[in-house]
Amino acid sequence: MIIADNIHKYYGDLHVLKGVNLHIEKGEIVSIVGASGAGKTTLLQILGTLDHISESKNSNLSINKTNINGLSQKQLSKFRNELLGFIFQFHQLLPEFTALENVCIPAFIKKTPKAQVEKRAKELLDFLGLSHRYHHRPKELSGGEQQRVAVARALINNPRVIYADEPSGNLDSEAAENLHQLFFKLRDEFGQTFVIVTHNQDLANMADRKLVMVDGKTLG
Ligand SMILES: Nc1ncnc2c1ncn2[C@@H]1O[C@H](COP(=O)(O)OP(=O)(O)OP(=O)(O)O)[C@@H](O)[C@H]1O
Ligand SMILES: [Mg+2]
């Protein structure tokens, strides 16, 4: 599902990713751990097509058999909207929209019919324990509630690949446990592929495969 070969990233003189090689199968749940500053978020941004690979002759990134390098900006936006879901450290909900609206937006961009979108959005929010918070704006929600809204938003288009950066970082242990169960349930039911950066050892160890980022590379 994801093939990344020889991925390099420089920020100025700082060589953050030093030739990462990563092959992830469809339906696999892979966790990435490593020290703060090791380059985990940077790698996730690149795998999520949100950031560019630094020039390198022999690098390659392909997702769902699509070569990312060959896509125009417009094709890339569509690809991201329809195939990828993101749960990030800073969840960036839109402040002027309600929880329900935030969850619906990616599906409206995809032009899915409104009634269908709202039904699915409510199912996801209910599943995540937010049925009493549909019409709250982000500033009226706790950190953990905002995080769960961001999870529902990431799932609304049934993405093939979900990238999560510290997905349970703001959650208490029960909510974190529920979220982790949800990831495995989705994988079992829909074959979704997960790449999860986490400092949570339980979650990291539950994954099919745990990778450690050290010195700009991932070790299996
Ligand atoms: N936009 C940027 N410009 C310059 N340097 C950056 C930029 N983004 C990240 N870095 C640097 O790249 C390195 C890797 O950062 P990254 O955010 O990928 O680390 P991380 O492994 O996700 O850490 P954490 O566990 O703390 O989230 C760090 O040294 C960071 O300071
Ligand atoms: Mg990070």
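Visitor: Which residue of β4 stands opposite D5?
Guide: Strands here are DSSP runs of E, at least two residues long, numbered from the N terminus. Opposite D5, on the β4 side, you'll find N60.

Visitor: What kind of model am I looking at?
Guide: Residues are numbered from 1 along each chain as its sequence is written, chains are lettered from A and ligands numbered from 1 in the order in which they are written, and side-chain values use heavy atoms, with hydrogens and water left out. Local features need pLDDT of at least 70, side-chain atom pairs count only at pLDDT 80 or more, totals for chains, interfaces and linings use all residues, and the model itself is predicted.

Visitor: Which strands sit at the edges of the sheet?
Guide: Start with the order: the open sheet has 4 strands, β2-β1-β4-β5, with antiparallel pairing. Pairing takes at least two DSSP bridges between two strands. An edge strand pairs on one side only, and that picks out β2 and β5 (66-67).

Visitor: And what is the bridge partner of H8 in β2?
Guide: β1 and β2 pair in the antiparallel sense over 8 bridges. Their hairpin has 2 residues between the strands, and G12 takes a positive phi near 60° there. As for H8, its partner in β2 is K18.

Visitor: At about what angle does α1 run to β2?
Guide: Helices are DSSP runs of H or I with at least four residues, and α1 spans 40-47. α1 lies across β1, β2 and β4, where contact means heavy atoms within 4.5 Å. Axes are lines fitted to C-alpha atoms (for helices, over the stretch in contact), with angles from 0 to 180 degrees between N-to-C directions. Against β2, α1 comes out at about 55°.

Visitor: How far is the side chain of K40 from an oxygen atom of ligand 1?
Guide: Of the 13 residues around ligand 1, S36, G37, K40, T41 and T42 come nearest, with a heavy atom within 4 Å as the cut-off for being near. Polar contacts are N or O pairs within 3.5 Å, and backbone N or O atoms supply 2.8 Å for G37 and 3.2 Å for A38. For an N or O atom in the K40 side chain, the distance is 2.7 Å.

Visitor: How much of the accessible area of ligand 1 does the protein cover?
Guide: That area comes from the Shrake-Rupley method with a 1.4 Å probe. On its own, ligand 1 has 640 Å², and the protein covers 59%.

Visitor: Which element gives the most to the shell around ligand 1?
Guide: Two elements give two or more residues, β2 (14-24) and α1. With 3 residues, the top contributor is α1.

Technical notes. A polar contact is a pair of N or O atoms within 3.5 Å; within protein, one must be able to donate a hydrogen and the other to accept it, and residues adjacent in sequence count only if both atoms are side-chain atoms.
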